[in-house]
Amino acid sequence: MDDRTGQRIVPETARRADRLSGTRYGNRPTMKDVAARAGVGLKTVSRVVNGEPGVTPDTERRVQEAIEALGFRRNDSARVLRKGRTASIGLVLEDLADPFYGPLSRSVEEVARAHGALLINGSSAEDPDREQELVLALCARRVDGLVVIPAGDDHRYLEPEIRAGVATVFVDRPAGKIDADVVLSDSFGGARDGVAHLIAHGHRRIGFIGDMPRIHTAAERLRGYRAAMEDAGIPVEESWMSLGVTDPERVRRAAEEMLSGPAPVTAIFAGNNRVTVTVVRVLAERDRPVALVGFDDIELADLLRPGVTVVAQDAAALGRTAAERLFRQLDGALLTPERIELPTRLITRGSGELPPAD
């Protein structure tokens, strides 16, 4: 078809047909398709694709034009499989929507990218069965390694995969019933420091609201709370402690119960970022000031009045340390599993420095 200027106009359908000519319908173009279009051998196409010498400029030009016309892309998976690796690692998180895991995931991805590997994310939703299903699905896809934030407490199902060469590092919580590398924050020490900070500002009736007790971090933070109270010689009442799911309704109910009655708590230590957010909302509805320290930083914590004092973890450092250790395993540099514990830091912003109201 020609327009009035004499130029030939090729309909888009014809362009698509041209691009797919010589290929198998519905499949990606192969090096064989490129070779046929360029009129060269497969070895020549391979040399051009992989940047190897031994191809004349004119031949290289023809091959590149064929690659562009067909939309050919090199199959990296096939290439790395020949080397015994898939150049991919899996990251199993508790909840992809949790802000805590954003910087952790990003750091793992950056380390993976620096090693030429692709990162595949998945969420266990704090369900041990889902965690196992997801981990084994990643192994079936032949990932080279796994970074796992465990939901369960029995990881013997991973032993055959580890023996087969799948590098594995656990983060935030240790593996259950197997020896494996783990990178943790100091949950016990951080909670003890946060509660001691409240005690130093005159508080004696301090509530603790945490996650489910079977979770390692929740148990360690409760242990830190108890240790700080014991160090100060303060007996702890059972009504001051509440562990369970971190949905807002449960946390709100726990906070309101602690803040009611003839001798309410004057301060609350929140066991993680989700608990902290709900407690902030509860305290905003009350006239009597109540001190608050949360474990994990939260977005806009510095803009609230008062700002929220927190025990901050370095989520990015957790992810980076775990990923670097994973690739050291893959390089054969590590043999004995280790436990690496990163420090936390107390960030004072005002809420943890409020004195008791009575």
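Strand S10 (residues 309–312) is joined to S12 by 3 bridges, and the two run antiparallel; strands count as paired if DSSP finds at least two bridges between them. Within this pair, Val311 is placed opposite Leu346 of S12. Helices (H or I, at least four residues) and strands (E, at least two) are DSSP runs, numbered from the N terminus.

The structure is a predicted model, in which local features need pLDDT of at least 70 and side-chain atom pairs count only at pLDDT 80 or more, while totals for chains, interfaces and linings use all residues. Residues are numbered from 1 along each chain as its sequence is written, and side-chain values use heavy atoms, with hydrogens and water left out. The mean pLDDT (the predictor's confidence in each residue, from 0 to 100) is 89, and 89% of the residues reach 70 or more. Over residues 1–26 the pLDDT is below 50, and this stretch has 17 contacts in the model beyond near neighbours in sequence. Contact here means heavy atoms within 4.5 Å.

In total, the protein has 13 helices and 12 strands. Of its 358 residues, 47% count as buried, that is, under 20% relative accessible area, with exposed being over 50% and partly exposed in between (1.4 Å probe, protein chains only). Among contacts between residues at least 6 apart in sequence, 65% join residues at least 24 apart.

The pair S10 and S12 belongs to an open sheet of 6 strands with mixed pairing, in the order S7-S6-S8-S9-S10-S12. Strand S7 (241–243) and strand S12 (345–347) each have a single partner strand, so one side of each lacks a neighbour in the sheet. On average, neighbouring strands of this sheet are turned by 15 degrees against each other, direction ignored. Helix H10 (residues 216–231) packs on the sheet, where it touches strand S6 (206–210), S7 and strand S9 (291–295), and its direction makes about 170 degrees with that of S6. Helix H11 (residues 248–258) lies across S6, S7 and strand S8 (267–270), also at about 170 degrees to S6. Such angles run from 0 to 180 degrees between N-to-C directions, and axes are lines fitted to C-alpha atoms, for helices over the stretch in contact.

Another open sheet of 6 strands has parallel pairing and the order S2-S1-S3-S4-S5-S11. Its edge strands, S2 and strand S11 (339–342), each pair on one side only. Strand S1 (residues 88–93) and S2 are paired in the parallel sense over 6 bridges, and Val92 has Gly122 of S2 as its bridge partner. Helix H7 lies across S1, S2 and strand S3 (145–148), running at about 175 degrees to S1. The loop between strand S2 (118–123) and helix H7 (128–140) holds Ser124, which counts as buried at 0% relative accessibility. Leaving aside neighbours within four places in sequence, the contacts of Ser124 include Val92, Glu94 and Arg130.

Helix pairs complete the description. Helix H2 (residues 31–38) and H3 pack at an angle of about 110 degrees, with their axes 9 Å apart. H2 and H3 are therefore roughly perpendicular to each other; angles of 65 to 115 degrees count as such, those under 35 as roughly parallel, those over 145 as roughly antiparallel and the rest as oblique. Met31, Lys32, Val34 and Ala35 of H2 make the contact with Leu42, Val45, Ser46 and Val49 of H3. Helix H3 (residues 42–49) also packs against helix H4 (residues 57–70), at about 85 degrees and with axes 10 Å apart.
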